[in-house]
Amino acid sequence: MNTPCTSSEAFISGSTGGLPRALVMTLAALLMLSGCSFFASSPPRLKVELRYDGNPVPCGTALGMGGGGWYLEHSKFYLSDFQDQHGQSLKLENSKWQTDDIVLISIEQKDCWRGGEMPGNHQIRFSKEVDLKGVEQLSFVLGVPLNNASQNPLTQPSPLNLSSMFWTVHSGHKFARIELSSVSDTWAFHLGGVDCADSQSDAMPCYKADLLEFELKRPGGSASTLVFHIDRLLEGIELNQDNSCTFKPGESQSCAMVLKNLQRSVIEWI
């Protein structure tokens with residue numbers, strides 16, 4: 001049996017603390033009209049963290065790789081098609097960061113904004129009817145589904161219309177954008193439609209990348225956070241501009257290493 005919200009009669013019959021009775025009755029009526037939403041719980045959510053060597057990466061922190069002195073410029077990626085262990089879809093709450101089935105994670109902090117970027121998004125908010133406590137296996141993909149990725153990004157709802165997350169208007173979305181910089185060099189990883197970075201065809205939108213699927217077993221403990229391990233993504237990679245992976249000609253070797261790393265335990269549920 002559902003537990004009812006506090007009724008207006010119970011509210012009124014208690015101590016008014018010296019408030020005029022008319023004011024108390026007005027407050028009680030407002031609570032009834034709101035359907036007790038004042039007491040409603042917030043939507044279920046998962047936090048998302050970026051970690052290096054097992055530790056969170058605060059804004060402005062140098063990453064100890066490639067001799068040190070590397071800083072995070074951008075860290076954005078789309079996750080979509082969330083399902084439980086039965087293959088049932090887990091609907092998301094609509095917002096500027098989410099559609100019903102796609103979320104844009106942006107790990108930049110406010111003090112690390114670059115080029116007028118939006119504030120970061122460090123969470124996945126599910127629809128209120130989703131029971132995360134009953135999810136024993138969480139499945140999702142890294143990327144944007146075909147029906148969204150093959151459309152003009154400028155005409156799509158937020159967050160699919162963010163210009164920094166597609167190649168060109170006609171070349172589809174970037175699924176992930178990770179960029180690092182040091183005093184004298186840069187490194188970038190842009191995942192999306194393979195061979196799409198230079199595509200300019202209006203008639204034939206470019207979409208050749210496979211979506212990367214993740215299946216994560218429910219961990220012990222709170223099971224409240226998805227962790228993106230950037231050190232695991234960069235394992236074995238020499239950081240420099242020439243060794244970037246943005247799927248342009250000449251980057252096949254570096255891209256092969258990054259994609260191999262990405263299919264390992266880069267994303268963890270804790």
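This is a predicted model: local features need pLDDT of at least 70, side-chain atom pairs count only at pLDDT 80 or more; totals for chains, interfaces and linings use all residues.
Visitor: Hi! How many aromatic pairs turn up in the whole structure?
Guide: A search of the whole structure gives four aromatic pairs. Take Phe 77 and Phe 228: their ring centres are 4.9 Å apart and the planes meet at 25°, so this pair is stacked.

Visitor: And where in the chain do Phe 77 and Phe 228 come from?
Guide: From distant parts of the chain: Phe 77 belongs to strand S3 (residues 71–83) and Phe 228 to strand S10 (residues 225–229), 151 residues apart.

Visitor: Are Phe 77 and Phe 228 buried or exposed?
Guide: Both Phe 77 and Phe 228 are buried.

Visitor: What about Phe 82 and Phe 140, how do they pair?
Guide: That aromatic pair is tilted, with 5.5 Å from centre to centre and 35° between the planes. Phe 82 sits in strand S3 and Phe 140 in strand S6 (residues 137–142), 58 residues apart, so this pair too links distant parts of the chain.

Visitor: Which aromatic cluster are they in?
Guide: Phe 82 and Phe 140 share one aromatic cluster with Phe 126 and Phe 214. Phe 82 has a relative accessible area of 2% and is buried; Phe 140 is also buried, at 2% relative accessibility.

Visitor: Changing topic: how many salt bridges does the structure hold?
Guide: Four. In one of them Glu 93 pairs with Arg 125, and the closest N and O atoms are 2.6 Å apart. Glu 93 is in the loop between S3 and strand S4 (102–106), while Arg 125 is in strand S5 (residues 123–125), so the bridge ties together parts 32 residues apart in sequence.

Visitor: Which salt bridge does Arg 177 form?
Guide: Arg 177 bridges to Glu 179, with 2.8 Å between the closest N and O atoms. Arg 177 and Glu 179 are both buried.

Visitor: Last one: where does Ser 244 lie?
Guide: Ser 244 is in the loop between helix H4 (230–233) and helix H5 (252–262). With 6% relative accessibility, Ser 244 counts as buried. A polar atom of the Ser 244 side chain lies 3.1 Å from the backbone oxygen of Gln 241.

Visitor: And what does Ser 244 touch, leaving out residues up to four places away in sequence?
Guide: Thr 186, Trp 187, Ala 188, Glu 251 and Ser 254.

Technical notes: Residues are numbered from 1 along each chain as its sequence is written. Side-chain values use heavy atoms; hydrogens and water are left out. Rings of Phe, Tyr and Trp (its six-membered ring) pair if their centres lie within 6.5 Å; planes under 30 degrees apart count as stacked, over 60 as edge-to-face and the rest as tilted. Helices (H or I, at least four residues) and strands (E, at least two) are DSSP runs, numbered from the N terminus. Buried means under 20% relative accessible area, exposed over 50%, partly exposed in between (1.4 Å probe, protein chains only). A polar contact is a pair of N or O atoms within 3.5 Å; within protein, one must be able to donate a hydrogen and the other to accept it, and residues adjacent in sequence count only if both atoms are side-chain atoms. Contact means heavy atoms within 4.5 Å. A salt bridge is a side-chain nitrogen of Lys or Arg within 4 Å of a carboxyl oxygen of Asp or Glu.
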